[in-house]
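The sequence and the model are shown first.

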Amino acid sequence: MQSALVTGCNRGLGLGLVSALVRKYPRATLLAACRKPQDAPELQELSGKFENLHIVKLDLSDIDSYKSVVEEISNYTKENGLNLLINNAGVTSKFTTLNYVKSQQLIDNFMINTVAPILLTKQLLPLLKLASQKNPSSIGINRAAIVNMSSILGSIALNDNGGFYPYRCSKTALNAATRSMSIDLKKDNIMVVSLHPGWVKTDMGGANAPLDIETSTQGMIKTLESLNETSTGRFYQYDGEELAW
Ligand SMILES: NC(=O)c1ccc[n+]([C@@H]2O[C@H](COP(=O)([O-])OP(=O)(O)OC[C@H]3O[C@@H](n4cnc5c(N)ncnc54)[C@H](OP(=O)(O)O)[C@@H]3O)[C@@H](O)[C@H]2O)c1
């Protein structure tokens, strides 16, 4: 893996993923996207320590900015293209029972959890295709891969307690996008998967979550490294277990 872009890197799992990747892949070009780099002290410190880690300013709600952000990314990845895109950034809403759910919560969750990863991926396709052409090895993250950070709450088959309308529906829709992308990009040898990080102690996961960021991110990286041509279009959790859609 020579290059990777991760969104939502100022905190939580995004920060954990780039901290792990930068140590594991010291020669790769790593691009850490976040919407307010000036308010991301931990990420700034990390990129100060590692020359190969670059911060890219990206507010996912500003779709019109994607084109210029992708131009900036291509200045880093150059003729090698982009091997790995991790659409990690996400949001959730608090009051999500059927009685209390609000239209704006649904819209906000769909915007960041579904619309943004689809449209950012669309904009990055030329870089992913370039990487795929340049690395005619086996299929996986060393060649070209899109990882959509989903959630077990997006699984329809595993939903046995209801609620969470904005978050669940937006992640289920993201899963649908994963499946379609995997079919559409098969001819380009680009692997596409949905990934559930486990229930993790972050601002989103809360203090009661059983997993820490390091366990989840180390597991996700190990799982991603193990995926191959049989994995595309599937839904995995951090420890490699496959989940039902
Ligand atoms: N933690 C869990 O237990 C858990 C479980 C299942 C799935 N997930 C998924 O894992 C991913 C990461 O979650 P997390 O736990 O790390 O959440 P988190 O701690 O709340 O972090 C969310 C990240 O997304 C970014 N983000 C939100 N809106 C954005 C926007 N408009 N533009 C750019 N970045 C934006 C945030 O940036 P700002 O600081 O600028 O808001 C932050 O970096 C999410 O997709 C989440 O749904 C998490």
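## Cavities

The lining of the largest cavity is made up of 6 nonpolar, 3 polar and no charged residues; Ala, Val, Leu, Ile, Met, Phe, Trp, Tyr, Cys and Pro count as nonpolar, Asp, Glu, Lys and Arg as charged, and the others, Gly among them, as polar. The model is predicted: local features need pLDDT of at least 70 and side-chain atom pairs count only at pLDDT 80 or more, while totals for chains, interfaces and linings use all residues. Residues are numbered from 1 along each chain as its sequence is written, and side-chain values use heavy atoms, with hydrogens and water left out.

A cavity is a set of points on a 1 Å grid over the protein atoms alone where a 1.4 Å probe fits but cannot get out, and lining residues have an atom within 4 Å of a point. Grid points are joined across faces, edges and corners, and a volume is the space filled by probe spheres set on the points. There are 2 cavities of 30 Å³ or more by this rule. The largest cavity, with a volume of about 40 Å³, is lined by Thr-7, Leu-60, Asn-87, Asn-88, Ala-89, Ile-112, Ala-116, Pro-117 and Leu-120. Helix 4 (residues 103-134) supplies the largest share of this lining, 4 residues; helices are DSSP runs (H or I, at least four residues) numbered from the N terminus.

The second largest cavity has a volume of about 30 Å³. Its lining consists of Met-1, Leu-21, Tyr-25, Leu-84, Ile-141, Ile-221 and Leu-224, which by class gives 7 nonpolar, no polar and no charged residues.

## Helix 1 and helix 2

The axes of helix 1 (residues 12-24) and helix 2 (residues 41-49) cross at roughly 10° and come within 11 Å. Axes are lines fitted to C-alpha atoms over the stretch in contact, with angles from 0 to 180 degrees between N-to-C directions. The two helices are therefore roughly parallel to each other (angles under 35 degrees).

Leu-15, Val-18, Ser-19, Val-22 and Arg-23 of helix 1 make the contact with Glu-42, Leu-43, Leu-46 and Lys-49 of helix 2, where contact means heavy atoms within 4.5 Å. These residues divide into 5 nonpolar, 1 polar and 3 charged.

## Two buried residues

Leu-15, in helix 1, counts as buried at 10% relative accessibility (under 20% relative accessible area, 1.4 Å probe, protein chains only). Beyond its neighbours within four places in sequence, Leu-15 is in contact with Gly-8, Cys-9, Asn-10, Glu-42 and Leu-43.

Ser-132 lies in helix 4 and counts as buried at 2% relative accessibility. Not counting residues up to four places away in sequence, Ser-132 touches Arg-143, Ala-144, Asp-188, Asn-189 and Ile-190.

Conventions: Angles under 35 degrees count as roughly parallel, over 145 as roughly antiparallel, 65 to 115 as roughly perpendicular and the rest as oblique. On a 1 Å grid over the protein atoms alone, a cavity is a set of points where a 1.4 Å probe fits but cannot get out, and a pocket is an open set with protein on both sides within 12 Å along at least five of seven lines; lining residues have an atom within 4 Å of a point. Buried means under 20% relative accessible area, exposed over 50%, partly exposed in between (1.4 Å probe, protein chains only).
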